[in-house]
Amino acid sequence: MAALAPTSYSISQKALHWLMALLILFNLIFSDAMEEVAEVYERGEVPSADDLTFANIHAYVGIAVLCLGLLRLAIRLTRGAPPAPAEEPPLLQLAAKLAHGTFYALFFLIPLSGIGAYYFGNETAGFVHGGPLKALMWLLIAVHILALLVHQFYWKTPIATRMTRG
C-alpha cells in the first residue's frame, strides 16, 4: 500500500526551509570579504584580519548550508512533500519539480565549489561558485517568490500556509 503524501510540511521541514533561506541570503548578500580575500591571495599578499574573519564566516555559513541541505534532503526523502495544488497546470507542476530539484542540487554544488575554491585554491571552482551557480541561485529565488505570488493572488491557493502554518 502506497503512503499518502502529507498535506503540509513538517515543523522540521519548515524550520530547515527558513533557516537555510536566511543563511543562503546572508551568504549571497555578504560575499564581499570572501572576494577581497581571494584577490589579496592572488596578489601574493596577506588579507586583513577583518577580511579573513568575514571570509571564514562566509565559509562556515556555506558549510552549514551543506549540512542542513543533507538533513533537509533526508527528511524530504523519508517524509515526502505535499502534492501540487490541482489549480496548477501540469507543465508548471513539472517546472516546480525541476526548480525544487535544482535548489537541492545548489544546496550541495555551491558549498562544495566554495570549499574547493577557498580551502583548495581551485580557481575553476571559485569561478563556478561565484559566477553561474550564484546567478542561478538568485534566479531561482526570484522565480520561487514569483510562483508563490501567482499561487496566492492568481490561483488563490493557500500554498504559502504549507510552509508557514499548520
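Predicted model: local features only at pLDDT ≥ 70, side-chain atom pairs only at ≥ 80, totals over all residues.
A crossing of two helices is termed left-handed if the near helix is turned anticlockwise from the far one by less than a right angle, and right-handed if the turn is clockwise. Residues are numbered from 1 along each chain as its sequence is written, and side-chain values use heavy atoms, with hydrogens and water left out.

The protein contains six helices and zero strands, where helices (H or I, at least four residues) and strands (E, at least two) are DSSP runs numbered from the N terminus. The C-alpha atoms fill a box of roughly 60 × 30 × 25 Å along the principal axes. Of the 166 residues, 36% count as buried, with buried meaning under 20% relative accessible area, exposed over 50% and partly exposed in between (1.4 Å probe, protein chains only). Among contacts (heavy atoms within 4.5 Å) between residues at least 6 apart in sequence, 78% join residues at least 24 apart.

Helix H4 (residues 90–120) and helix H5 (residues 123–153) pack at an angle of about 155 degrees, with their axes 9 Å apart; the axes are lines fitted to C-alpha atoms, for helices over the stretch in contact, and angles run from 0 to 180 degrees between N-to-C directions. H4 and H5 are therefore roughly antiparallel, given that angles over 145 degrees count as roughly antiparallel, under 35 as roughly parallel, 65 to 115 as roughly perpendicular and the rest as oblique. H4 passes H5 in a left-handed crossing. The residues of H4 that meet H5 include Phe103, Leu106, Phe107 and Ile110, and their counterparts in H5 include Leu133, Leu136, Met137 and Leu140. By class, this contact has 13 nonpolar, eight polar and no charged residues, where Ala, Val, Leu, Ile, Met, Phe, Trp, Tyr, Cys and Pro count as nonpolar, Asp, Glu, Lys and Arg as charged, and the others, Gly among them, as polar.

Val128, found in helix H5, counts as partly exposed at 28% relative accessibility. Not counting residues up to four places away in sequence, Val128 touches Leu133 and Lys134.

Most residues other than glycine have a negative phi. Lys156, although not a glycine, has a positive phi of about 55 degrees; this residue lies in the loop between H5 and helix H6 (161–164) and is exposed, with a relative accessible area of 62%.
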